[in-house]
Amino acid sequence: MSNETSIAQRLETIQTAIQAALDRSGRKAGEVELVAVSKTHPPESVTEALQAGQTLFGESRVQEARAKIPLVPGRARWHFIGHLQRNKIRQALPLFELLHGVDCIETARDIQRIAAEESQRPAILLEVKLAEESQKFGFAPDALISQIEELLALDRLTIEGLMCIPPPQPKSEDSRPYFVRLRELRDRLQNEFRIGLPHLSMGMSSDFAVAIEEGATLVRVGTAIFGDRSGKTWRPTGPGGEE
Ligand SMILES: *Cc1c(COP(=O)(O)O)cnc(C)c1O
């Protein structure tokens, strides 16, 4: 991606595309929030986005986020979007306002236990595996239906909705069937179990507009805002540096 385009300009382009997708699908402004995925990018880039008006950021590694968050002005809000390793839960809880990728019952039980110990009440999304062959993490739809009552009984957790990461597709349109299936699963759970699952976290740089047309409320966009990540990692420098 060209360096001649600033983060602020890219954010504006994306907000325009978000609004266009909302208009096309008869949805209202404000029904989708952009999660700017800052993994591998330095805190300076996050601060630049913050100054351009973006307040919500997504990270997918707890150690990286733990080092980065204190280096960004405090009005930034953070979501955890990655696979949450069970031994990182305690560190993650105070950092993030929403955990997108809770992907199995064991992790949910661990979050419940640790949240009770830490007097936390985390908000979570359940990750759904929509392509059995190619995806490692997530609840299979049938497993989610059979485990939802146990999940709902974990009283420290607020389950706010579902999340998916479909396999990469050549065309954005090819992601649509996955987004439809996530929405239909959400609707089925809401109806059968009489619960509210307001959030659908789906759509990334290449397909967020299609996801919005299918009901996304949170889109997770990295590359289209911060540029290419290939070969990049960010680590804090100097004393206190870790990982
Ligand atoms: C990295 C990441 C994204 C952002 O992907 P882009 O294609 O760079 O927009 C979204 N969701 C998850 C879970 C990610 O790990």
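How many salt bridges does the count come to? In this predicted model, the count comes to 20 salt bridges. Side chains of opposite charge can pair when their charged atoms come close.

Glutamate 150 belongs to helix H6 (residues 141–152), while arginine 109 sits in helix H5 (residues 105–117), so the pair ties together parts that are 41 residues apart in sequence. Glutamate 150 has a relative accessible area of 33% and is partly exposed. Arginine 109 is partly exposed too, at 38%.

Arginine 176 and glutamate 213 also meet through their side chains in a salt bridge, with an N to O distance of 2.7 Å. This pair links distant parts of the chain. Arginine 176 is in helix H7 (residues 176–193), and glutamate 213 is in helix H8 (residues 208–213), 37 residues apart. Arginine 176 has a relative accessible area of 19%. Buried means under 20%, so arginine 176 counts as buried. Glutamate 213, at 23% relative accessibility, is partly exposed.

A further salt bridge pairs aspartate 187 with arginine 186. Their closest N and O atoms are 2.9 Å apart. Aspartate 187 is partly exposed, at 29% relative accessibility. Arginine 186 is buried, at 12%.

Some salt bridges share partners. Through them, Arg24, Glu173, Arg176, Arg183, Glu213 and Glu214 are joined into one network. Arg176 and Glu213, the pair that links helix H7 to helix H8, are both among its members.

Key
Residues are numbered from 1 along each chain as its sequence is written. This is a predicted model: local features need pLDDT of at least 70, side-chain atom pairs count only at pLDDT 80 or more; totals for chains, interfaces and linings use all residues. Side-chain values use heavy atoms; hydrogens and water are left out. A salt bridge is a side-chain nitrogen of Lys or Arg within 4 Å of a carboxyl oxygen of Asp or Glu. Helices (H or I, at least four residues) and strands (E, at least two) are DSSP runs, numbered from the N terminus. Buried means under 20% relative accessible area, exposed over 50%, partly exposed in between (1.4 Å probe, protein chains only).
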